[in-house]
Amino acid sequence: MKAMVLAAGLGTRLRPLTDNRPKALVEVGGRALLEITLSRLRTLGISEVIVNVHHFADMVIDYLKSKRNLGMRIEVSREDVLLDTGGGLKKAAWFFLEDPSRLDEPFLLHNVDVISTIDFHRMLQFHTESHALATLAVQSRQSSRLLLFNNQLQLRGRRAGGTANPGCATQITATQKQFVSKHENPQIAPDSASSRAGLPVTENVQSSTGSLPEVSQDSSRSLNALAFCGIHIISPRLLPMISEQGTFSIIPTYVRLSAQGRNILAFRADDYYWRDLGRPADLAEAAHDLKQRALWQ
């Protein structure tokens, strides 16, 4: 399995730490974010990775050389203009298409500034058994960037602004029940506070082309608003379907493909540790978690 680490961002929320270094080299507990991410990928058996770079790009390249690429095959996708997640993936698509014999092998896309204990093996298994084009790790938590899924875990749009309502009753989907029952080790518990779904909504559904017509076809006429974790598993067959150009987020691409009937699914990650490292305060909290819980060793 291959992977891409998204490490090209400016890290503006981490200033002043990123005034003289890329966010990929900001440290948590004495370890660079890039090292934490790559080390975790390596423990999962991933040995081929492409990393996109832009802000202080040469520092990232020199760092990887000094670490001898952590014993992995690491390619660098240098962006002279910041391309965002979608544009960055499109530029690096060659890495996942270079071997015709591996075009059916999904790959992992991972933000460098998030850390988690999400079970990638289980997520990959869910992706494969569901015949998904892309699978997005999501949680029920407060976020200003909410994605909307129906009760079959299929992406149906996104909600502009607002936050998930942590006090809303849980909605366990048929797809989720089937997967949990089959594998006997549920990724969420129906009565767990951490697995509560976001407030069902029927308004403010947006896509790159406006409201999604599929919304009216959902029998419940309600959608679950869930927060994205910055971790995706993607099938290479999605790459030629990316028609957007220049700098763009991958999320509108997912919404567009979902509107066309493509299988873009949610993987509920409520019972796993996850933290965004976008602010200096987040780094301090993550360092404490690392010390107390021995995560990401």
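Is Phe56 buried, partly exposed or exposed, and what is its relative accessibility? Select Phe56 to begin: at 32% relative accessibility it counts as partly exposed, where buried means under 20% relative accessible area, exposed means over 50%, and partly exposed lies in between (1.4 Å probe, protein chains only).

Before going on, note that this is a predicted model, in which local features need pLDDT of at least 70 and side-chain atom pairs count only at pLDDT 80 or more, while totals for chains, interfaces and linings use all residues. Residues are numbered from 1 along each chain as its sequence is written, and side-chain values use heavy atoms, with hydrogens and water left out.

**Stop one: Phe56 and the whole chain**

Phe56 lies in the loop between strand S4 (48–53) and helix H2 (57–66), and it has a positive phi of about 50 degrees although it is not a glycine. Helices (H or I, at least four residues) and strands (E, at least two) are DSSP runs, numbered from the N terminus. Zooming out, the chain has eight helices and 14 strands, and buried residues make up 56% of its 297 residues. A contact means heavy atoms within 4.5 Å, and among contacts in the chain between residues at least 6 apart in sequence, 76% join residues at least 24 apart.

**Stop two: helix H1**

Select residues 33–43 next. Nine of the eleven residues of helix H1 are buried, so this helix is largely enclosed by the rest of the structure. The buried residues of H1 include Leu33, Glu35, Arg40 and Leu41. After H1 comes Gly45, whose phi is positive, near 90 degrees.

**Stop three: Asp113**

Now select Asp113, in the loop between strand S6 (107–111) and strand S7 (114–116). At 9% relative accessibility, Asp113 counts as buried. Leaving aside its neighbours within four places in sequence, Asp113 is in contact with Arg13, Lys23, Leu33, Arg275, Asp276 and Leu277; of these, Leu33 is also one of the buried residues of H1. Show the side chains of Asp113 and Lys23 to find a polar contact between them at 3.1 Å; such a contact is a pair of N or O atoms within 3.5 Å, where within protein one must be able to donate a hydrogen and the other to accept it, and residues adjacent in sequence count only if both atoms are side-chain atoms. The C-alpha atoms of Asp113 and Val26 are separated by 9.2 Å, although these residues are 87 residues apart along the chain.

**Stop four: Asp84 and helix H3**

Move to Asp84, which is in helix H3 (residues 84–91). Asp84 is partly exposed, with a relative accessible area of 38%, and it has a positive phi of about 65 degrees although it is not a glycine. The buried residues of H3 are Thr85, Gly86, Gly87, Gly88 and Leu89. What covers them includes strand S1 (2–6), S4, helix H4 (94–97), S6, strand S12 (224–234) and helix H7 (250–259).

**Stop five: the largest pocket**

Which residues lie nearest the centre of the largest pocket? Of the 42 residues that line it, these are Arg13, Asp84, Thr85, Asn111 and Arg145. The elements that give two or more residues to this lining are H3, strand S9 (145–149), strand S10 (155–160), S12, H7 and strand S14 (274–276). The largest share, four residues, comes from S12. The largest pocket has a volume of about 1100 Å³. On a 1 Å grid over the protein atoms alone, a pocket is an open set of points where a 1.4 Å probe fits, with protein on both sides within 12 Å along at least five of seven lines, and lining residues have an atom within 4 Å of a point.

**Stop six: Leu155**

Finish at Leu155, found in strand S10. Leu155 is buried, with a relative accessible area of 1%. Leaving aside its neighbours within four places in sequence, its contacts include Leu147, Phe149, Tyr254 and Ile264. Leu155 and Ala259 are 104 residues apart in sequence and 8.6 Å apart in space, C-alpha to C-alpha.

Notes. Points joined across faces, edges and corners; volume = space filled by probe spheres on them.
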